[in-house]
Amino acid sequence: MSAIPHNIPLDVLTTLRNLDPMLWINPDYASAFAENIPDRQEILTAQHRIARSAALLTQLFPELTASQGIIESHLIDLSVFKQQWVESQLNSNYDLSQQSWLLKADHALPIAGSVKARGGFHEVIAIAEQIALQHQLIAPHDDLIQLASAPAKKIFSEYSIAVGSTGNLGLSIGIMAAALGFKAIVHMSVEAKEWKKQRLRSRGVEVVEHTGDYAAAVEAGRQEALANPKCHFVDDEQSLLLFLGYAACAAHLAEQLAQAQHVVDAEHPLFVYIPCGVGGAPGGICFGLKAIFAEHVHCFFAEPVASPCMLVQLAAATDQAVSVYDIGLNNQTEADGLAVGLASSLVSPIMRSQLSGVFTVADDRLYENLYQLHQAEQIQLEPSAAAALHGPMLINSSPAAQAYLDSHQINIKHATHVIWSTGGSLVPAEEMQKFQARGLQICSRK
């Protein structure tokens with residue numbers, strides 16, 4: 001066992017090591033903000049960059065013509081899913097009639113098919129803009145459609161953009177970088193899904209496979225990029241540009257909630273549940289939402305029982321990095337997009353005061369929930385994206401959740417629950433059928 005010092009309470013450590021699902025409440029939530037967090041003005045800069053990219057994206061990807069270059073997802077009502085859960089609770093008297101359960105459908109984001117399109121596209125465009133400015137192809141604050149011009153592509157062809165990824169981030173970075181004319185390189189574990197590798201290669205992306213896990217692929221990509229001054233490495237563990245790309249989407253969710261007449265205030269709290277891998281996407285989303293809704297939004301991350309890297313890092317209450325391996329876990333999960341052993345060193349200090357908690361989910365629960373969602377709402381998700389589906393159930397039924405609600409004087413009678421579905425629409429149909437078959441098998445045993 002590792003000698004790395006940590007302060008994880010014994011009961012929490014025992015639960016984690018036993019791979020027992022749990023809801024961990026962050027004891028440092030709402031404490032003083034961490035030092036060196038991003039300036040919230042930087043979120044507005046990212047939003048502005050994304051807005052200036054609309055014409056560019058329409059030109060690169062004709063499928064965005066109808067949305068005028070806007071990459072956004074729908075907010076879907078889950079009333080049937082909610083009601084079926086209530087009906088499944090024997091001897092209960094839950095009255096959730098005034099609660100709203102909603103799905104933020106990032107699994108259906110165009111082009112890259114996952115939440116990673118938000119941060120990934122933003123970072124690649126930001127790097128392309130920087131290079132174009134250096135070569136005087138554009139002026140500051142210009143519309144960015146010139147990034148698709150022949151002179152720009154000629155310049156970009158001299159540069160590489162690389163990333164280490166389990167799949168979805170690699171898809172977003174690879175697709176965007178290749179479309180702009182960069183040499184795109186994605187470093188992946190040999191265990192990553194073969195269909196994701198093939199989809200990247202079909203877009204002209206170089207896929208480099210590595211033995212070892214996600215962290216090994218990231219480190220290999222980082223070292224290779226360091227040796228090439230014209231290679232930009234998208235570092236999922238430490239990238240501020242990725243983080244801000246994710247944070248920028250909070251404003252659109254706020255607009256969607258307002259349009260659907262979902263008020264967010266002390267009497268109508270907002271609960272948001274997001275699957276967590278290394279933490280960049282969920283951390284950015286949480287940061288963006290906190291900037292808008294402050295104490296009225298409560299964010300919870302969902303992690304596999306074998307890979308709860310953010311929970312481990314935050315519960316350890318230390319500035320030193322602590323991985324899931326350090327406490328005896330093996331980081332083996334069916335949720336390949338969440339199979340991360342060590343949380344982001346950029347994001348975890350920020351989440352120490354902003355994140356309400358983390359819940360862990362067994363692999364069987366992933367399949368059970370994705371099957372139940374499909375039966376109720378005809379929506380299909382991949383296992384990683386299904387991790388957050390259990391969130392509203394826990395907040396309405398868990399003693400740990402009730403203690404959190406009591407300590408912060410939160411009444412959830414009129415709460416709005418938003419489940420972030422982070423990926424799945426690009427999964428091949430035969431793979432989706434396997435997910436559903438396994439979910440049916442698990443549900444049939446109960």
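**Spaces inside the model**

Four cavities of 30 Å³ or more are counted here. On a 1 Å grid over the protein atoms alone, a cavity is a set of points where a 1.4 Å probe fits but cannot get out, and its lining residues have an atom within 4 Å of a point. Grid points are joined across faces, edges and corners, and a volume is the space filled by probe spheres set on the points. Please keep in mind that this is a predicted model: local features need pLDDT of at least 70, side-chain atom pairs count only at pLDDT 80 or more, and totals for chains, interfaces and linings use all residues. Residues are numbered from 1 along each chain as its sequence is written, and side-chain values use heavy atoms, with hydrogens and water left out.

Let us start with the largest cavity, whose volume is about 230 Å³. Its lining is made up of 21 residues, and K116, T166, G277, G337 and L338 are the ones nearest its centre. Where does the largest cavity lie? Both domain 1 (10-38 + 73-111 + 243-444) and domain 2 (51-66 + 115-240) contribute lining residues, so the largest cavity lies between them; these bounds come from an automatic or database domain assignment. Helices α7 and α12 (280-293) each provide at least two residues of this lining. Helices here are DSSP runs (H or I, at least four residues), numbered from the N terminus.

Now look at K116, which lies in helix α5 (residues 116-134). In an unreviewed entry, UniProt lists K116 for "modified residue: N6-(pyridoxal phosphate)lysine"; such annotations may be inferred rather than shown by experiment. K116 counts as buried because its relative accessible area is 17%, where buried means under 20% (1.4 Å probe, protein chains only). Leaving aside residues up to four places away in sequence, K116 touches F121, N168, L169, S172, D236, Y246 and A281; a contact means heavy atoms within 4.5 Å.

One of these partners, S172, sits in helix α7 (residues 168-180). S172 is buried too, at 0% relative accessibility.

Finally, turn to the second largest cavity, with a volume of about 60 Å³. K193, W195, D336, E382, P383, S384, V427, E431 and F435 line this space. Two or more of the lining residues come from each of α16 (383-386) and α19 (429-444).

Conventions:
Buried < 20%, exposed > 50% of the residue type's maximum accessible area, 1.4 Å probe, protein only. 1 Å grid on protein atoms, 1.4 Å probe; cavity = no way out; pocket = protein on both sides within 12 Å on 5 of 7 lines; lining within 4 Å.
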